[in-house]
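Visitor: I would like to go through this model and ask what stands behind each label. Please set the values against the cut-offs.

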Amino acid sequence: MATNALVTLVRYASPHKGKIVFASLCSIFNKIYDIVPEILIGISIDVIVNQQHSIIAKTIGILDPFKQLYIVGAVTAVFWIFESIFEYLYSITWRGLAQEIQSNVRIKTYATLQSLDLQYFENKTTGTLLNTLQDDIHQLEQFLSQGPNEIIQLIVNIVVMGYIFFYLSPTLAFFTLLPIPFVIMIAYYFQHRLADLYEAVRQAAANLASHITYRLQGISTIKSYTTEFYEIERLRVESARYQEANCRANRVNAQYIPTVRMAIMVGFIMALVLGGTYALQGIIPINWYAALVFLTQRFLWPFTTLTTITDMYERALACAKRILGILHTPNEIRSGSEPLDAKVTGAIGVHNVSFAYANGMHVFNNLSLEIPAKKTVAFVGSTGSGKSTIIKLLLRFYDSISGSITVDNKDIKDLQLNDLRSAIGLVSQDVYIVEGTIADNIAYGTFDASRDAIVQAAKMAQAHNFIMQLPNGYDTRVEEHGKTLSGGQRQRLSIARAILKKSPILIFDEATSAVDNETEAAIQQSLLALKPYHTIIIIAHRLSTVRNADIIFVLDKGEIVESDNHENLIKRHGAYAHLWSTQF
Ligand SMILES: Nc1ncnc2c1ncn2[C@@H]1O[C@H](COP(=O)(O)OP(=O)(O)OP(=O)(O)O)[C@@H](O)[C@H]1O
Ligand SMILES: [Mg+2]
């Protein structure tokens, strides 16, 4: 059901229940103290018209009408002050709650997002996700800081005013309140029409955001291909879509208040004319007539806020649904329960593994291979042959369709995911540089590493020299994506990070593709020192990188066509020997 998305989400954020009760009470009292002065208008007219026979005279016994007016004035002041106090209280409490919920929802959504399978991100753009994390949660906060209060006050309004009206004159009440069902029906009708329109607005906003985010990331390509004008035109199209969607929603929204106003007019005229008639006929006292006309305004007018409320509600609901969409996304890849021994030897077995990506791209068909513990192996093969995919399967970024992969003879699907991934140090093809210093980047994931250990790892990755040439050495700040570093420098930071992690299994996927031959040779020398303690997997196009591996697997279209060490493969005059001869 529609309402549930918001309620579910608020529950999910588990705000302080006591605060909700307190805020609701403040809203209720504020509204009550807001209504009372209107009644005091009736009482003051009563004082003026009836003087010694007024209600005040009858109840308190003060006969002087001037003194009676002072009393009315004093009471009004007291109520007014209380109204203000409660307004302040509900205002800060609801807003505080909205902030609390927004923050909790954001953290939980981000946490969920982070734990989702890589596959989830394949058909989502960064912009769309960013939009949900930022704008949707912001909309939710907007609604929560005002919506509940408005709704509560509207209800209090109906109950208290309804009671007063019926108490004073049931017939008059009936006619004055007659428009209310129509107002509610109108609101209901508009709410439904607006729901779809707002969904379209949000969708357009998400598209726009993702369009812009993506373009900003590719700014250097845009400049070098001088496609600025083309991109501006494309943005114009997206922006126009957003504008149109908003205009459509606004047009419908703008019809609402005038429609409701017409309905309210009927109620007001009823109070004015019918109430006046009753007053003329002496059915209701003149002072009540005056109070009633004021009260009718007071009573019916808040119904126009139904639009703002339904408006905000619709937006918030659409946002809540999108947020829940993330929160309720099931993960295909579930952690196993078996722990992985701290002393992992790092023997890896791939047994009859078949795998295809979700888009139908078939990569492996019954792939089998063995990587002995503490050996260095390499994968070579043409681009797109599936080298990186093996690594993704080993890390369980994706699960194989059939067959199994084992680490130390344990099926990785049975292992605790954290244990498995901690056992693997990956230098992936796309280097991720975090904001912070050079040292922070190397220690990313090994946060407790000492400065000595960091320097040691950097030296092994041949990064120490270039780091020392930076203005602040290890404390030099690097920006988002490491824009201020060269490709080879980024790669070496990433290698140092993996070395520092000291995982039993080390994987270098095209880790040295961007560094010069000399530096690469030096890195290989350093890796020799690690060799006895780690199972090392190297993926490279440049065959000099893999030459020293114990086993080289030659991959072609997801199949292993050859596997042996360098010398033997050369002697075989097969695919590897052919590759070697073309490179050297
Ligand atoms: N996320 C994905 N969704 C769908 N298909 C993919 C995905 N990632 C890779 N592929 C496809 O799977 C095949 C194997 O890709 P993989 O990245 O394993 O190749 P690779 O051997 O590492 O190539 P390279 O040497 O260029 O890095 C390719 O045809 C690629 O297009
Ligand atoms: Mg690859």
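Predicted model: local features only at pLDDT ≥ 70, side-chain atom pairs only at ≥ 80, totals over all residues.

Visitor: What makes the protein more spread out than a compact globule?
Guide: The count of secondary structure comes to 21 helices and twelve strands. The radius of gyration is 36 Å, while the globule rule gives 25 Å for 584 residues. The value is well over the rule, so the protein is more spread out than a compact globule. The C-alpha trace spans about 120 × 50 × 45 Å along its principal axes.

Visitor: How many of the residues count as buried?
Guide: Of the 584 residues, 47% do. The cut-off is under 20% relative accessible area.

Visitor: Why is Gln-153 called buried?
Guide: Its relative accessible area is 12%. Buried means under 20%, so Gln-153 is buried. Gln-153 lies in helix 6, residues 126-168. Its C-alpha atom is separated by 61 Å from that of Ile-454, 301 residues apart along the chain.

Visitor: Why does Gln-429 count as partly exposed?
Guide: Gln-429 has 45% relative accessibility. Buried needs under 20% and exposed needs over 50%. The value falls in between, so Gln-429 counts as partly exposed.

Visitor: Where in the chain do Ser-388 and Gln-429 lie?
Guide: Ser-388 is in helix 13, residues 387-394. Gln-429 is in the loop between strand 6 (424-427) and strand 7 (436-437). The two are 41 residues apart, and the pair links distant parts of the chain.

Visitor: How do you know that Ser-388, Gln-429 and His-541 make polar contacts with ligand 1?
Guide: A polar contact is a pair of N or O atoms within 3.5 Å. A side-chain N or O atom of Ser-388 is 2.7 Å from an oxygen atom of ligand 1. For Gln-429 the distance to a ligand 1 oxygen is also 2.7 Å. For His-541 it is 2.9 Å. Taken alone, ligand 1 exposes 630 Å², and the protein buries 75% of that.

Visitor: Which residues surround ligand 1?
Guide: There are 16, and the closest are Thr-383, Lys-387, Ser-388, Thr-389 and Gln-429. Helix 13 gives the largest share, four residues. By class, the shell has four nonpolar, nine polar and three charged residues.

Definitions and conventions: Residues numbered from 1 in each chain as written. Chains lettered and ligands numbered in written order. Heavy atoms only, no water. Buried < 20%, exposed > 50% of the residue type's maximum accessible area, 1.4 Å probe, protein only. Near = heavy atom within 4 Å. Polar contact = N/O pair within 3.5 Å; in protein donor to acceptor, adjacent residues only side chain to side chain. Areas by Shrake-Rupley, 256 points an atom, 1.4 Å probe, with all protein chains shown as cover. Nonpolar A, V, L, I, M, F, W, Y, C, P; charged D, E, K, R; others polar. Rg over C-alpha atoms; globule rule 2.2 N^0.38 Å.
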